[in-house]
Structures are given as structure tokens and as C-alpha cells.
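Please look over the sequence and the model first, then read the points by topic.

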Amino acid sequence: MTRLKVVLVFVCALIASGYIRPAPKTIEVAKGVYLFVSKPYGDVGLDGNSIAILSDEGVLVFDSNGTPASSAAVLAEIRKLTDKPVKYIVNSHWHWDHWYGTETYTRAFPDVKVVAHEKTRAMMAGPALDFNRPGLEAQLPGYIASLEKRAATDPAIQPLLEEDRFFLNQKKNVHLVLPTQTFDDKVVLRLGTREIHVLHVDRAVTPGDAFVYLPAEKIVITGDLLVNPVSFALSCYPTGWLRTLEKIDGLDASIIVPGHGEPLHDKSLLRAHMSVMRQLLKAGKDAKARGLDPDQAREEVLPRLHDLMVAITGDDPKANEAFRVYLVDWYMHRVYDELNGPLTDAIAPIPPK
């Protein structure tokens with residue numbers, strides 16, 4: 001069976017399941033470099049950005065989406081751009097919205113190499129699955145059951161219910177593919193005339209964050225090291241994350257492709273995040289020395305971050321709330337964890353509200 005037929009069979013199976021992911025938004029970042037932005041899954045999950053780097057020899061895909069359905073939709077778009085095989089998948093980190101779709105590519109291209117940092121592979125093989133288990137086994141099914149009750153008297157909820165059910169079904173039945181090639185701090189991949197640097201600086205958002213630098217094209221692809229507009233600091237490594245962003249800032253790049261959201265054509269969002277982190281590191285250390293807890297430290301520093309918040313969020317109310325919770329609150333709790341002693345690679349729980 002040809003690779004194209006394998007893809008078509010897989011897509012047809014998804015259609016037969018009763019739901020198909022819509023085509024992603026395709027953005028040409030540079031010649032032969034494409035960003036695919038997928039819609040959220042109902043109201044239960046985001047989908048990470050996926051990026052295809054094309055060459056006359058083959059394709060590298062950076063991050064493989066959150067479900068096989070989404071990666072199949074991305075691959076269908078890639079097939080419109082090139083008939084060259086996908087030779088590499090690079091997974092940036094262990095969050096499930098960035099790697100649960102890898103099976104699409106291994107089905108279509110059995111020789112594809114799946115690349116990630118060695119710590120990311122270790123997280124994928126166990127701790128990430130344990131972290132996701134309560135959501136799959138209790139939280140999501142419970143929420144969907146509540147939607148079913150509402151849909152019984154409100155037909156307008158039915159489309160949302162179907163999307164959420166599909167999301168859960170995809171997550172529960174995925175065939176997870178672990179990386180087949182790992183690295184420590186750097187690996188250089190060559191595809192035709194392209195030179196692709198896959199880099200790791202320090203523990204940042206996760207223990208093994210990888211990002212891509214294309215020196216000839218002056219492009220950095222960050223994964224969740226940077227999100228447009230607000231990055232997620234859950235279980236992060238505050239000092240290492242800042243050090244990683246400083247390294248990215250020092251690269252000769254005119255385009256930054258984030259883990260979520262549209263591409264950036266300057267470093268203003270990157271530098272605003274770095275400024276927030278510097279202030280949180282300083283404020284957290286000072287507040288802890290004065291006996292304040294992380295929540296008190298957060299409330300004390302938030303007014304001083306107002307201008308940076310607006311620079312990041314555009315003063316959008318929803319984005320402002322995301323800034324306060326997903327960046328400031330989560331980062332501050334990890335600042336305290338870091339001050340209490342060396343952080344392990346274990347996944348920290350969501351701070352209580």
C-alpha cells in the first residue's frame with residue numbers, strides 16, 4: 001500500500017467514526033516552512049502548533065498535535081505542498097497536545113525518525129501518562145456526563161458534546177509513539193540544503209524542552225517555551241526557563257514560531273515574558289524572606305506587572321486572566337519550590353486556587 005493510500009485509509013476511518021477534525025489554518029512562515037494552527041477540541045482542550053519544514057529530500061515536522069485526527073488533518077495539508085516523505089518528527093516536550101498524533105506519521109512513513117530530548121522520552125514513557133490518567137479516567141468522563149444531561153433538554157449543546165466525546169475517545173485510544181532518537185543538548189539534522197538545529201538549554205517548561213533554530217532562515221520554533229500571547233508556567237523550572245529564553249533571545253532570528261498562536265516577527269513578546277520572569281524571581285525571593293506565602297507574593301507583585309501584562313495581552317480581559325493565573329500564579333509557586341531546594345523532574349500539581 002502506498003503512503004498516500006495509508007493516509008487516506010486512516011482519514012476514512014476517522015470520518016467513519018462520526019467526526020473529522022477541520023483543516024488547520026496554514027501559515028507560510030517562510031519559503032518551505034509552514035505553521036499549522038488547529039482549532040481547540042470543543043471546550044476541553046487546546047491543540048499545539050505543528051510546523052512542517054520542507055526540503056527537496058523530505059520533510060521535518062515539529063510537534064505532532066494532540067490527537068491522531070489533528071495530525072491526519074495536518075498531514076493532509078502537507079501532502080498538498082509536497083510529495084516528499086516525512087523523515088523526521090521532533091517532539092518539543094511531553095505535554096499531550098504536542099505529541100499524541102505521532103502515530104499518523106509512523107503509519108504513513110514507517111522509516112520516520114522521532115526525535116526528542118532524552119528527558120522528554122523518559123517523561124512520555126511514564127510520568128506524563130500518570131499525570132494524564134485522572135483526566136482520562138474521571139474528570140473528562142464526568143464532565144461529558146454533565147454535558148449529556150444538559151443536552152437532553154438543550155439540543156444546542158449537542159455539537160459541543162460530540163466534539164468533547166471525540167476528544168476523549170481519541171485520547172483514550174491513541175497508539176502512543178515514543179521517540180526513537182534522543183539527544184542531550186544539541187543535534188543538527190540535514191534535509192537537502194536545510195540545516196536544522198534542535199537545541200536544549202536547560203529545564204524550562206518541562207525537564208526536556210527542545211526548540212528548533214534555522215540559522216539560514218533566521219527562524220526559531222519554540223514549542224511551549226513561548227506561547228502567543230500568554231505562556232503556561234505549570235510545573236516549570238523558573239531559573240532554567242529564563243536562561244533558555246535568554247539563549248533564544250541571543251540567536252539571530254527575525255521570526256519566532258510559538259507553541260500556540262500565530263508567528264511573531266520581532267522579539268517583543270519574548271522579551272516581555274523574560275521581564276515578567278525576572279521580576280517574579282526577584283519578588284518571590286524577597287517575599288519569601290519576609291515570610292509571605294506564594295499567594296501573598298503574587299498579589300503583592302501583580303500591580304507592578306500591569307504594564308508588562310498589557311504589553312503581552314493587549315489588555316484583553318480573558319488574556320489578562322490567563323496572565324494572572326497561567327503565568328504569574330503558576331510561576332510564583334514554582335519560584336517558591338525552587339527556593340525550597342533543588343527541583344526534581346517530577347510533575348508538580350496545579351497550585352490550589
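Which residues in α8 meet which residues in α11? H273, V276, M277, L280, L281, A283, G284, K285, A287 and K288 in α8 meet F323, L327, V328, Y331, M332, V335, Y336, E338 and L339 in α11. Contact means heavy atoms within 4.5 Å.

This is a predicted model, where local features need pLDDT of at least 70, side-chain atom pairs count only at pLDDT 80 or more, and totals for chains, interfaces and linings use all residues. Residues are numbered from 1 along each chain as its sequence is written, and side-chain values use heavy atoms, leaving out hydrogens and water.

**Helix α8 against helix α11**

- The contact of α8 with α11 divides into 14 nonpolar, two polar and three charged residues. Nonpolar covers Ala, Val, Leu, Ile, Met, Phe, Trp, Tyr, Cys and Pro; charged covers Asp, Glu, Lys and Arg; the others, Gly among them, are polar.
- α8 spans residues 268–289 and α11 spans residues 317–339. Helices are DSSP runs of H or I with at least four residues, strands are runs of E with at least two, and both are numbered from the N terminus.
- Their axes lie 9 Å apart, at an angle of about 50 degrees. Axes are lines fitted to C-alpha atoms, for helices over the stretch in contact, and angles run from 0 to 180 degrees between N-to-C directions.
- α8 and α11 are therefore oblique to each other. Under 35 degrees is roughly parallel, over 145 roughly antiparallel, 65 to 115 roughly perpendicular, and the rest oblique.

**Helix α9 against helix α11**

- α9 (residues 294–301) packs on α11 at about 130 degrees, with the axes 9 Å apart.
- That makes α9 oblique to α11.
- P294, D295, A297, R298 and V301 of α9 touch R324, V328, D329, M332, H333 and Y336 of α11.
- Six residues of this contact are nonpolar, one is polar and four are charged.

- β8 (residues 186–191) and β9 (residues 194–199) run antiparallel, joined by six bridges. Two strands pair if DSSP finds at least two bridges between them.
- L189 stands opposite I196 in β9.
- Two residues separate the strands of the hairpin, and G192 in the turn has a positive phi of about 60 degrees.
- V187, L189 and L191 form the covered face of β8, while K186, V188 and R190 form the uncovered one.
- In a regular strand, side chains alternate between the two faces of the sheet.

**Residue A233**

- A233 sits in the loop between β11 (219–223) and α7 (238–250).
- Beyond its neighbours within four places in sequence, A233 contacts W241, Y326, L327, W330, Y331 and R334.

Conventions
Buried means under 20% relative accessible area, exposed over 50%, partly exposed in between (1.4 Å probe, protein chains only).
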